[in-house]
Each structure stands twice: as structure tokens, then as C-alpha cells.
Amino acid sequence: MPSENDLTAGHRSNLVTANYLREQGVRVFLYPGMTHVKALLVDGWACFGSANFDALSLRLNGEDDLVTSNPAFAATFKHDVFETDFDRGRELLEELPVGWNDYLAEALLNLL
């Protein structure tokens with residue numbers, strides 16, 4: 001997750017989402033600065049494409065991602081995309097402070 005965002009409401013929403021994901025046992029990493037990478041790697045399953053992890057991309061914009069569980073691709077993807085960014089970022093180990101305005105941004109963005 002980028003530690004900065006070019007949309008204030010998106011940044012606020014990300015704080016709420018990061019806390020929720022951590023509560024569910026997902027490891028969340030903060031990337032220093034802004035990034036537009038749309039990628040996910042879960043237990044050797046790789047997902048990448050144009051969609052952001054939000055309602056606008058997934059519901060209205062009709063953006064698409066590609067998914068594969070090919071072990072060779074997933075290993076290369078992990079090395080080339082994630083490990084490089086992990087070296088630059090930091091794992092979120094504690095809940096991020098959020099306020100009512102962060103929850104409001106999350107709710108409004110989810111209505112799109």
C-alpha cells in the first residue's frame with residue numbers, strides 16, 4: 001500500500017482498509033511514496049492488472065486483472081515486483097490511527 005496517495009479520500013480509505021486487512025491476518029506493507037502497481041500475491045497465486053482494490057475500479061470502471069497460479073510465474077513475480085518493494089517499504093505492525101473522517105471517506109468511496 002502506498003504511504004502517500006494522489007487522492008486524499010483514497011489515502012483516508014486506505015488507512016481503514018489496512019487496519020481491516022491486518023485484523024483479518026493479512027500482512028500489510030507501506031511503500032514509501034506513491035505507486036500505481038496493482039498486484040496481489042497470495043500463497044503462490046498472483047493477481048495483477050489495472051484495477052485498484054476499491055469499489056470504483058471493481059464495480060463501475062469494469063477494470064480487469066489477470067490471475068495465475070503457475071508456480072514459475074508466481075516465483076518470478078514475487079521476486080521482481082514484491083521483494084524489491086518490500087526492501088524499500090516497511091511492514092505495518094500496529095493499527096493505524098483513524099478518525100471519523102477516514103471512515104466517512106471509506107464509506108463514500110464504497111458508494112461509487
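This short talk walks through one predicted protein model, from its confidence to its aromatic rings, its salt bridges and one hairpin.

Good morning, colleagues. Residues are numbered from 1 along each chain as its sequence is written. Because the model is predicted, local features need a pLDDT of at least 70 and side-chain atom pairs count only at pLDDT 80 or more, while totals for chains, interfaces and linings use all residues, and side-chain values rest on heavy atoms, with hydrogens and water left out.

I begin with confidence. pLDDT is the predictor's confidence in each residue, on a scale from 0 to 100. The protein chain averages 85, and 99% of the residues score at least 70. Where is confidence lowest, and where is it highest? The lowest mean, 74, belongs to helix α2, residues 55-60, and the highest, 92, to strand β4, residues 65-68. Helices here are DSSP runs of H or I with at least four residues, strands are runs of E with at least two, and both are numbered from the N terminus.

Let us turn to the aromatic residues. Rings of Phe, Tyr and Trp, the last by its six-membered ring, pair if their centres lie within 6.5 Å; planes under 30 degrees apart count as stacked, over 60 as edge-to-face, and the rest as tilted. A search of the whole structure finds 6 aromatic pairs. In one of them, the ring centres of F29 and F86 are 4.2 Å apart and the planes stand at 35°, so this pair is tilted. F29 belongs to strand β1, residues 29-30, and F86 to helix α3, residues 71-88, so the contact ties together parts that are 57 residues apart in sequence.

For accessibility, I shall call a residue buried under 20% relative accessible area, exposed over 50%, and partly exposed in between, using a 1.4 Å probe and protein chains only. On that scale F29 is buried at 18%, whereas F86 is partly exposed at 34%.

F73 and F77 have ring centres 5.5 Å apart and planes at 20°, so they are stacked. Both residues lie in helix α3, 4 residues apart, which is about one turn of the helix. F73 is partly exposed, at 33% relative accessibility, but F77 is buried, at 9%. Which residues form the aromatic cluster? F29, F48, F73, F77, F82 and F86 form one cluster.

Next, the charged contacts. A salt bridge is a side-chain nitrogen of Lys or Arg within 4 Å of a carboxyl oxygen of Asp or Glu. The structure holds 2 of them. R12 pairs with D102, the closest N and O atoms being 2.9 Å apart. This pair links distant parts of the chain, with R12 in helix α1 and D102 in helix α4, residues 100-111, 90 residues apart. R12 is partly exposed at 28%, and D102 is buried at 5%.

R27 forms a salt bridge with E91, with the closest N and O atoms 3.0 Å apart. R27 lies in the loop between α1 and β1, and E91 in strand β5, residues 90-91, so the pair ties together parts that are 64 residues apart in sequence. R27 counts as exposed, at 58%, while E91 is partly exposed, at 25%.

Two strands pair if DSSP finds at least two bridges between them. Strand β2, residues 39-42, is joined by 4 bridges to strand β3, residues 45-49, and the two run antiparallel. V42 stands opposite W45 in β3.

The hairpin has 2 residues between its strands. Most residues other than glycine have a negative phi. D43 sits in the loop between β2 and β3 and is exposed, at 82% relative accessibility.

Finally, L40, V42, W45 and V67 form a nonpolar patch on the surface, with about 320 Å² of accessible area together. Patches are made of residues with over 30% relative accessible area and no salt bridge, with like charges joined within 9 Å and nonpolar side chains (Val, Leu, Ile, Met, Phe, Trp, Tyr) within 5 Å. The areas come from the Shrake-Rupley method with a 1.4 Å probe, and for residues only the protein chains shown count as cover. L40, in strand β2, is partly exposed at 41%.

Thank you for your attention.
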